Amino acid sequence: MKKVCHVTSVHSSKDDRIFHKECLSLAKEYEVYLIAPNVSEEVDGDVHILGVPLPEGRFSKLFALGAVYRKALEVDASVYHFHDPELMFIGLKLKRKGKKIIFDSHEDVPQQIFTKEYLPSWTKKPLSLLYAAIERCCLKHYDALISVTPSIVERLETINSNTIMVTNYPSIRDMTVSRHNASADTDYVCFAGGVSQQYLHEYILDALRYTKVRYLLAGPAYPSYFERLKSHEMWNRVDYIGVVGHDKVSEIYQKAKVGLVLLDYSPNVGYHRGTLGVVKMFEYMMAGIPMVATDFDLWKEIVEGNGCGLCVDPHDVKAVADAINFYIDNPDKAREAGERGRKAVMEKYNWSKQEETLLGLYRQLTD
């Protein structure tokens with residue numbers, strides 16, 4: 001079996017996209033290695049996981065990437081698949097040694113820079129332009145590029161014609177998630193993910209004024225933003241349970257009557273066009289619960305096109321509340337929407353098609 005190696009300096013060794021989707025799929029045909037920061041060596045699902053020690057700081061990490069390169073050389077794979085912008089130059093060094101290299105762009109980084117709160121506002125435009133220039137110079141030499149959503153793929157195609165889309169549709173093996181429990185005593189709406197500004201939790205709290213529901217919330221929270229949320233007058237209607245594992249997320253979905261995914265319009269998601277890189281709405285569909293989602297063009301096609309939820313302007317608090325109340329007041333329609341969502345995931349929005357695309361690219365590079 002030919003040897004392939006995924007490399008990340010940021011993500012977890014058990015990242016959903018990198019490990020659970022891409023690496024496990026590739027392990028069906030290749031000997032797969034995954035280099036990740038600060039983990040112990042292990043073999044999981046035929047994937048050889050290798051750790052490299054890296055500091056936590058954003059900038060100090062840049063000066064420690066030599067360890068990543070050395071570990072990659074040790075693996076001596078035929079194909080290297082990189083997942084983080086700071087690794088682009090390592091890919092070029094391996095390219096000069098005759099290796100095939102892939103870059104997997106999870107985000108629209110030039111646009112994402114404008115959303116970084118820790119950056120002074122006057123630095124964002126020049127940094128965005130600088131990154132775009134570096135990206136163009138580096139990625140034109142890669143053997144292939146991958147991204148998760150049409151807007152990023154279209155931009156990367158102007159740099160490298162061998163660009164494909166492999167999006168974050170869920171794996172059928174995850175369909176064991178329990179169906180939505182319409183008879184639950186508490187009228188919960190839920191969200192399990194990043195408790196950050198981009199998911200507009202403060203607007204959800206505002207919307208609670210016009211409903212009788214409780215908000216079941218889980219996930220890692222940004223400290224300053226979390227403190228603002230806790231000072232909101234509707235915080236007494238929130239049940240925050242912290243960071244939880246995958247099995248606990250399944251329990252949250254079983255308790256909830258509606259799932260919320262109100263992602264803000266931002267440059268990183270193409271403003272009103274939206275992104276397919278957010279797996280949250282597909283999780284709700286798998287769980288069989290209806291959702292209230294942002295009215296992105298891409299999301300409306302999926303959510304309302306398949307009758308499994310309602311899409312609204314996430315800044316329109318009354319519209320958010322009305323959509324929640326529609327499903328709380330009409331449990332039969334909520335159940336039907338949930339069933340349509342599960343059916344759509346089984347038939348269309350699942351990882352099996354993306355796996356075929358990914359394996360096809362690797363066969364092209366290794367044959």
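View 1. Strand β5 (residues 79–82) pairs with β6 in the parallel sense, with 4 bridges between them. Here helices (H or I, at least four residues) and strands (E, at least two) are DSSP runs, numbered from the N terminus, and two strands pair if DSSP finds at least two bridges between them. Look for tyrosine 80, whose bridge partner in β6 is isoleucine 101. Across β5 and β6 lies α4, running at about 165 degrees to β6. Helix α15 (residues 351–366) lies across β1 (3–7), β5, β6, β7 and β8, and runs at about 135 degrees to β5. For these angles, axes are lines fitted to C-alpha atoms, for helices over the stretch in contact (heavy atoms within 4.5 Å); the angles run from 0 to 180 degrees between N-to-C directions.

A quick note on what you're looking at: this is a predicted model, where local features need pLDDT of at least 70 and side-chain atom pairs count only at pLDDT 80 or more, while totals for chains, interfaces and linings use all residues. Residues are numbered from 1 along each chain as its sequence is written, and side-chain values use heavy atoms, with hydrogens and water left out.

**View 2. The open sheet of 8 strands.** Its strand order is β3-β4-β2-β1-β5-β6-β7-β8, and the pairing is mixed. At the edges stand β3 (42–44) and β8 (163–165), each with a single partner strand, so one side of each has no neighbour in the sheet. From one strand to the next, the twist averages 25 degrees.

**View 3. Helix α6 and what covers it.** The buried residues of α6 are Thr123, Lys124, Ser128, Tyr131, Glu135, Cys138 and Leu139, buried meaning under 20% relative accessible area, with exposed over 50% and partly exposed in between (1.4 Å probe, protein chains only). Their cover includes α4 (88–95), β6 (100–105), α5 (109–112), β7 (144–147) and α7 (150–157).

**View 4. Strand β10 between its partners.** In β10 (residues 214–218), 4 of the 5 residues are buried, so the strand is largely enclosed by the rest of the structure. Strand β9 (residues 188–192) runs parallel to β10 and is joined to it by 5 bridges, with tyrosine 188 partnered by arginine 214. β10 also pairs with strand β11 (residues 238–240) in the parallel sense, over 3 bridges; there, tyrosine 215 stands opposite valine 238.

View 5. Arginine 214 and aspartate 239 meet through their side chains in a salt bridge (2.8 Å, N to O). The pair links distant parts of the chain, with aspartate 239 in strand β11 and arginine 214 in strand β10, 25 residues apart. A salt bridge here is a side-chain nitrogen of Lys or Arg within 4 Å of a carboxyl oxygen of Asp or Glu. Arginine 214 counts as partly exposed, at 25% relative accessibility.

View 6. Lysine 280 forms a salt bridge with glutamate 283, their closest N and O atoms being 3.0 Å apart. Both lie in helix α11 (residues 280–287), 3 residues apart, about one turn of the helix. Lysine 280 is buried at 9% relative accessible area, and glutamate 283 is buried at 18%.
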